[in-house]
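Dear colleague,

Please find the structure below, handed over for your records.

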Amino acid sequence: MLLARAPPPPAMPSAVSSPPQRESILRPYCVPWTRGSVATAAVAKAAPFRGEQNHKQVASVANPLVKHCVRLRLSSAYRRSCRRILLVGLIPILEMCSFEFSTIETLLLLDGIELPEELYGFSGNVVYVSAAVMKKVSGMQSVDSTEAIAIIHMPKYFRDLDSDQGGAVLDEWLGSAKRILVLDGIQDPGNLGTLIRSACAFRWDGVFLLPACCDPFNEKALRAARGASLQLPVVSGNWSDLHALMAKSDMKMLAGHPESSSNGSERTHVLSKELADSLMSESVCLVLGSEGNGLSADTLQACELVNIPMQGTFESLNVSVAGGIFLFIRVQGIAMWLL
């Protein structure tokens with residue numbers, strides 16, 4: 001979708017009564033920003049106002065809002081403490097709005113850019129920013145493809161068991177799950193986001209992140225997930241939490257492994273139609289490890305291993321590719337295979 005630059009509005013009177021300030025809804029230990037910290041748009045080149053948004057302008061990279069946004073982009077700990085996420089780019093924002101409109105807290109638009117029609121119903125803060133501010137917040141050298149940035153609420157489906165009460169959270173979000181994807185030390189944000197996207201597309205019930213996984217709300221992970229991490233329950237915890245869930249739900253523990261067993265171990269299987277059929281009535285937990293470090297010792301001990309048969313001399317597939325094949329085993333309750 002092409003965005004047109006609108007002509008500047010007529011000059012506003014010099015004496016404009018400021019709207020009453022609203023208390024910041026950020027947690028106290030986050031950098032607060034209020035409407036008072038944002039200059040009024042008396043000389044803005046903003047497009048004509050639509051809807052009932054609160055329109056402001058920021059031109060300085062030293063503004064508290066800009067500092068808050070940069071910290072959201074760079075710091076996982078800050079994102080989790082604030083329970084806010086920075087979504088960069090108009091396309092990701094519109095993708096998110098297709099299923100969750102109310103999660104946007106603040107929308108940043110480049111000066112002169114019209115509010116997209118899909119966002120006319122948005123009633124929150126709309127802040128028009130200079131090119132310098134947009135570059136600072138997005139971390140990009142050019143604003144050619146960055147007309148919009150959104151501060152959004154972290155999805156209610158995400159829980160970090162290090163900071164929440166584990167048992168209650170697991171029961172609430174994954175207690176009735178039949179298919180759970182577990183990621184074991186996936187550090188590449190592109191792979192992690194793609195796996196979450198595949199899990200959502202193939203109707204798995206949730207994702208469990210073991211230690212050493214990258215943040216699912218990292219900018220690259222968000223872009224790769226294409227909104228899936230905002231729709232699917234995602235829980236971050238450790239093996240003790242996962243063991244408790246598996247024992248309660250009586251799930252079959254499987255782990256993708258690039259090599260077949262050389263000693264004929266019964267714990268190693270080849271992905272096949274027969275295996276897919278045998279899992280029809282089972283609750284399944286599938287664990288995938290990183291390409292660099294592979295599966296952790298805890299995973300190897302707890303899971304039955306499954307490998308994808310391949311021809312030639314290839315040792316393994318990219319984890320997001322292999323994960324897509326594994327996740328496609330059961331779609332809409334029908335056993336599927338790619339052999």
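**Cavities, pocket and salt bridges**

The count comes to six cavities of 30 Å³ or more. On a 1 Å grid over the protein atoms alone, a cavity is a set of points where a 1.4 Å probe fits but cannot get out, whereas a pocket is an open set with protein on both sides within 12 Å along at least five of seven lines; lining residues have an atom within 4 Å of a point. A volume is the space filled by probe spheres set on the points, which are joined across faces, edges and corners.

This is a predicted model, in which local features need pLDDT of at least 70 and side-chain atom pairs count only at pLDDT 80 or more, while totals for chains, interfaces and linings use all residues. Residues are numbered from 1 along each chain as its sequence is written, and side-chain values use heavy atoms, with hydrogens and water left out.

The largest cavity has a volume of about 90 Å³. It is lined by 11 residues, of which Leu-254, Leu-279, Val-284, Phe-326 and Ile-329 are the closest to its centre. Its lining has 10 nonpolar, no polar and one charged residues (Ala, Val, Leu, Ile, Met, Phe, Trp, Tyr, Cys and Pro count as nonpolar, Asp, Glu, Lys and Arg as charged, and the others, Gly among them, as polar).

The largest pocket holds about 360 Å³ of space. Of its 20 lining residues, Gly-256, His-257, Pro-258, Ser-316 and Leu-317 lie nearest its centre. Helix H11 (319-327) gives the most to this lining, with three residues (helices, H or I, of at least four residues and strands, E, of at least two are DSSP runs, numbered from the N terminus). The lining of the largest pocket divides into 10 nonpolar, nine polar and one charged residues.

The structure also holds seven salt bridges, each a side-chain nitrogen of Lys or Arg within 4 Å of a carboxyl oxygen of Asp or Glu. In one of them, the closest N and O atoms of Arg-79 and Asp-215 are 2.8 Å apart. This pair links helix H2 (residues 76-82) with the loop between strand E8 (206-209) and helix H7 (219-225), 136 residues apart. Arg-79 is buried, at 3% relative accessible area, and Asp-215 is buried at 8% (buried means under 20%, exposed over 50%, partly exposed in between, with a 1.4 Å probe and protein chains only). Asp-215 also meets Arg-80 in a salt bridge (3.8 Å, N to O). Arg-79, Arg-80, Asp-160 and Asp-215 are linked in a network of salt bridges.

Yours sincerely
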